[in-house]
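Please look through the sequence and the structure shown here before reading on.

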Amino acid sequence: MNLISCDFISKDKGMNGMQVWEAMAEEGFEEIVFASDPANGLKAVIVLHNTQAGPALGGCRMWNYASEEEALTDAMKLARGMTYKSAISGLPYGGGKAVIWGDPSKDKSEAMFRSFGRFLQRLKGRYVTGVDLGTTVQDMDAIAQETSYVTDMTGTLGGSGNYTAEMTAYGVYLGIEASLQEAEGSRSLAGTRVAVQGLGKVGYALCRYLRKAGAELLVSDVNGALTDQAVREFSASAVSPGAIYAQDCEVFAPCALGGVLDRRVLAQLSCRVVAGAANNQLASPEAAAELKARGILYAPDYAINAGGIIATALELAGSGAEDIRRRVETIGPTLADVYRLARSAGLNTAQAAGQLAEAKLAARLQR
């Protein structure tokens, strides 16, 4: 299992069977399932990256992708990230992800998610799914009518309000503290300027933690109403989506979609730390090296945003809210381990996180 390029499929050549197999072999993927049910419009991809440590655990995303290639590539990136997220967090799960291609605001139906549940059942527990971008507790309830390999249903902790998002945000908040300790020598957020990109459930909850700790917030979202709400509630300063990267701040917290840290954005950053909730923040492996060269500390996304998967895994094991919160609090020490390894071995933090995750996975397999 190696942490290498995110560019699974050549855009110049398009997507075909051979390139998918090559990508699977190169990146260590175990299985890809394409699911289709014309009766209800279901078009889904289920990707199992690695199940050596246990069943693949990862949410079901619904998004209006531009192409089949984009849907598959996103599922593969996310599934691989879940392997590393579970491994670095010491969880007895592997990595998997599902994506449903469609507009979640108008294309979904109970029949669609029940059909997806039937496909999930055929995997016989090798993959367990849950809520993700574009899906809801009610969607999980529909899936649960066809299979038991689903989380975040009505009546569960994960299905209660914004619990999973809250635990993710709490972990990111603690990770920001640990990152400031590494970069600045103090974990205090009092008077610290944090630019938060994306005010969805996790980003908004993160703002609440940061503001309570005394941070000065710069906020941006494509939804102007959310930005206005954050300005009112947190005394934040509103920034246009295109300008959020260039803000003079201590911390840039990307909490929207992945791939944000590309060459164009890197050139604009004026911060000491990049630490946020988004998955797959690096547009390429070279981005981590560029951040290191510029003296910007990067908190590897699958280490800092693991609060949600920790909550799900522990609830599946029968743990309650107090135990889950204590386990989420290990995210700070985990990041400290990453930074220590990066310093001692002369690595960028993405490389260090990959080595730490792989070492933890190897140790688990030897038990």
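Does Asp152 count as buried or exposed? With a relative accessibility of 5%, Asp152 counts as buried, because the cut-off for buried is under 20% relative accessible area. The model is a predicted one, and the points below should be read with that in mind.

**Backbone angles that stand out**

- Asp152, which is found in the loop between H4 and H5, has a positive phi of about 65 degrees although it is not a glycine.
- Lys124 is another residue other than glycine with a positive phi, here near 55 degrees, and its place is the loop between H3 and strand S6 (127–128).
- Whereas Asp152 is buried at 5% relative accessibility, Lys124 has a relative accessible area of 70% and is therefore exposed, since exposed means over 50%.

**Salt bridges**

- By the rule used here, the count of salt bridges comes to 16, and several of them are described in the points that follow.
- Glu146 and Arg114 are joined through their side chains by a salt bridge, with 2.7 Å from N to O. Because Glu146 lies in the loop between helix H4 (137–144) and helix H5 (163–184), while Arg114 lies in helix H3 (residues 110–121), this pair ties together parts that are 32 residues apart in sequence.
- Arg114 has a relative accessibility of 28% and so counts as partly exposed.
- Glu233 and Arg208 form a salt bridge in which the closest N and O atoms are 3.8 Å apart. The pair links distant parts of the chain, with Glu233 in helix H7 (residues 224–234) and Arg208 in helix H6 (residues 201–212), 25 residues apart.
- Both partners of this pair count as partly exposed, Glu233 at 42% relative accessibility and Arg208 with a relative accessible area of 37%.
- Arg340 and Asp337 meet in a salt bridge through their side chains, again described from N to O, at 2.7 Å. These two residues are three residues apart in helix H13 (residues 331–345), so about one helical turn separates them.
- Arg340 is partly exposed with a relative accessible area of 45%, and Asp337 likewise counts as partly exposed, at 33% relative accessibility.
- A network of salt bridges links four residues, namely Arg61, Asp74, Lys97 and Asp132.

**Helices that pack together**

- The helices H6 and H7, which hold the two partners Arg208 and Glu233, pack with their axes 11 Å apart and at an angle of about 20 degrees. H6 is therefore roughly parallel to H7, because angles under 35 degrees count as roughly parallel.
- Where H6 passes H7, the crossing is right-handed.
- Helix H2 (residues 68–88) packs with helix H14 (residues 349–365) at an angle of about 70 degrees, and their axes are 8 Å apart. H2 and H14 are therefore roughly perpendicular to each other, because this description covers angles from 65 to 115 degrees.
- The crossing of H2 and H14 is left-handed.

**Residues far apart in sequence**

- Tyr84 lies in helix H2 and counts as buried, at 1% relative accessibility.
- Although Tyr84 and Ala306 are 222 residues apart along the chain, their C-alpha atoms are separated by 9.8 Å.
- Glu27 has its place in helix H1 (residues 17–27), and with a relative accessibility of 4% Glu27 counts as buried.
- Glu27 and Arg80 are 53 residues apart in sequence, while in space the separation from C-alpha to C-alpha is 8.2 Å.

**A nonpolar patch on the surface**

- Trp63, Leu133 and Leu257 form a nonpolar patch on the surface, and together they have about 250 Å² of accessible area.

Note on methods:
Residues are numbered from 1 along each chain as its sequence is written. This is a predicted model: local features need pLDDT of at least 70, side-chain atom pairs count only at pLDDT 80 or more; totals for chains, interfaces and linings use all residues. Side-chain values use heavy atoms; hydrogens and water are left out. Patches are made of residues with over 30% relative accessible area and no salt bridge: like charges are joined within 9 Å, nonpolar side chains (Val, Leu, Ile, Met, Phe, Trp, Tyr) within 5 Å. Accessible areas come from the Shrake-Rupley method with a 1.4 Å probe; for residues, only the protein chains shown count as cover. Helices (H or I, at least four residues) and strands (E, at least two) are DSSP runs, numbered from the N terminus. Buried means under 20% relative accessible area, exposed over 50%, partly exposed in between (1.4 Å probe, protein chains only). Axes are lines fitted to C-alpha atoms, for helices over the stretch in contact, and angles run from 0 to 180 degrees between N-to-C directions. Angles under 35 degrees count as roughly parallel, over 145 as roughly antiparallel, 65 to 115 as roughly perpendicular and the rest as oblique. A crossing is left-handed if the near helix is turned anticlockwise from the far one by less than a right angle, and right-handed if clockwise.
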